[in-house]
Amino acid sequence: MAPVRNYSNWNQRPSDQQEQVEPYQKFFFICEGANTEVFYFKRLIDLRKQLGIHPLIDLCLLEKTEEDKNLSNPKRLLSFAEEQKQNPSISFDKERDSMIVVIDADIFERKPEEYPEIINTAKTYNDILAVTNPAFELFLLLHYNNSYETDIHPNEGKILENRKEDGRRFIDRLFSQKSGMNSKTNPRIGDLAMNVDVAIEQEQKLNQDIDHCHGKLTCNIGKIISDIRSIKAPSQ
C-alpha cells in the first residue's frame with residue numbers, strides 16, 4: 001500500500017505548553033482528482049474555524065501518492081478508501097469517523113447501469129459519497145454569485161453532454177471563462193472555498209439526490225459541507 005499524505009490543520013497551537021486535545025470525530029476526504037479537488041479541500045480545511053465547524057470535528061484530506069496518485073476509477077477509489085481505514089497513521093475510528101469519497105459521475109452517463117453498484121458499495125462501506133455530474137468544476141462554478149442563472153442553467157445541455165474540444169471538456173472551458181483559471185493547474189482554485197456559502201445556496205437549484213443523477217446536473221458537496229457545519233456538539 002502506497003503511503004498517503006494526511007492534510008489537516010487540527011490542533012494547531014501557538015504554544016507547545018497548551019494541552020493536546022483529540023478530535024471527537026474526523027471526516028476524511030479522498031478525491032478522484034489529484035490537483036483540482038486537492039487545491040479546494042486543503043483551503044477548505046484551513047478555513048475550518050471560520051466556517052464554524054465544531055472545535056472537536058476534524059477535517060482531513062488524504063492525498064494519494066506514488067502509484068495511487070492518479071487513481072480515479074470510482075470503484076477502485078472506494079476500495080482505496082476502505083483500505084485506508086486500516087492505515088494506523090490516520091487512526092480511523094469506524095464507530096465515529098467517516099470517509100467522504102469525491103467522484104465525478106460523467107463516466108456513468110453512457111453506462112448508467114454501472115452506477116447503482118457504486119452507490120451500493122459506498123453504503124456497504126458506510127462511506128459518504130460526494131458526487132458531481134458531470135464534474136467537480138460544476139461545484140466550483142457555484143461559488144460565483146448568480147452563476148446558476150448566468151452560466152449553468154443556460155448551458156445545461158452542453159454541460160451534461162460535456163464534449164471534449166481541443167483536449168478540454170465543456171465544463172472545464174466554461175469554468176475557465178468564468179474564473180480566468182485553469183482548474184487543473186492553478187492552486188488559487190482553493191480560494192473559492194471562502195465563498196462556500198454561495199455554493200451551498202446555489203447548489204440547492206441543482207439535483208442533490210445522488211441516487212438518481214443520470215441525465216441531471218447533480219452536486220451534493222455543498223450539502224455535505226453544510227451537514228458537517230451543522231454538527232453543534234458531538235454526542236457522548
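Which residue just after H7 takes a positive phi? Gly 180 does, with a phi of about 75°. The model described here is predicted.

## Helix H7

Helix H7 spans residues 170-179. Seven of its 10 residues are buried, so H7 is largely enclosed by the rest of the structure. The buried set consists of Phe 170, Ile 171, Asp 172, Leu 174, Phe 175, Ser 176 and Ser 179.

These buried residues pack against three helices, H4 (136-141), H5 (147-152) and H6 (156-161). They also pack against strand E7 (168-169).

The loop between H7 and helix H8 (196-203) holds Lys 184. Lys 184 counts as partly exposed because its relative accessibility is 40%, which falls between the 20% limit for buried and the 50% limit for exposed.

Beyond its neighbours within four places in sequence, Lys 184 touches Asn 35, Thr 36, Phe 39, Glu 137 and Asp 172. Glu 137 is 47 residues from Lys 184 along the chain, and the C-alpha atoms of the two are separated by 9.8 Å.

## Helices H8 and H9

H8 packs with helix H9 (residues 221-229) at an angle of about 115°, and the two axes are 8 Å apart. Their crossing is left-handed.

On the H8 side, the contact involves Val 196, Asp 197, Ile 200 and Glu 203. On the H9 side, Ile 221, Gly 222, Lys 223, Ile 225, Ser 226 and Arg 229 take part. The residues of this contact comprise four nonpolar, two polar and four charged.

Conventions. Residues are numbered from 1 along each chain as its sequence is written. This is a predicted model: local features need pLDDT of at least 70, side-chain atom pairs count only at pLDDT 80 or more; totals for chains, interfaces and linings use all residues. Side-chain values use heavy atoms; hydrogens and water are left out. Helices (H or I, at least four residues) and strands (E, at least two) are DSSP runs, numbered from the N terminus. Buried means under 20% relative accessible area, exposed over 50%, partly exposed in between (1.4 Å probe, protein chains only). Contact means heavy atoms within 4.5 Å. Axes are lines fitted to C-alpha atoms, for helices over the stretch in contact, and angles run from 0 to 180 degrees between N-to-C directions. A crossing is left-handed if the near helix is turned anticlockwise from the far one by less than a right angle, and right-handed if clockwise. Ala, Val, Leu, Ile, Met, Phe, Trp, Tyr, Cys and Pro count as nonpolar, Asp, Glu, Lys and Arg as charged, and the others, Gly among them, as polar.
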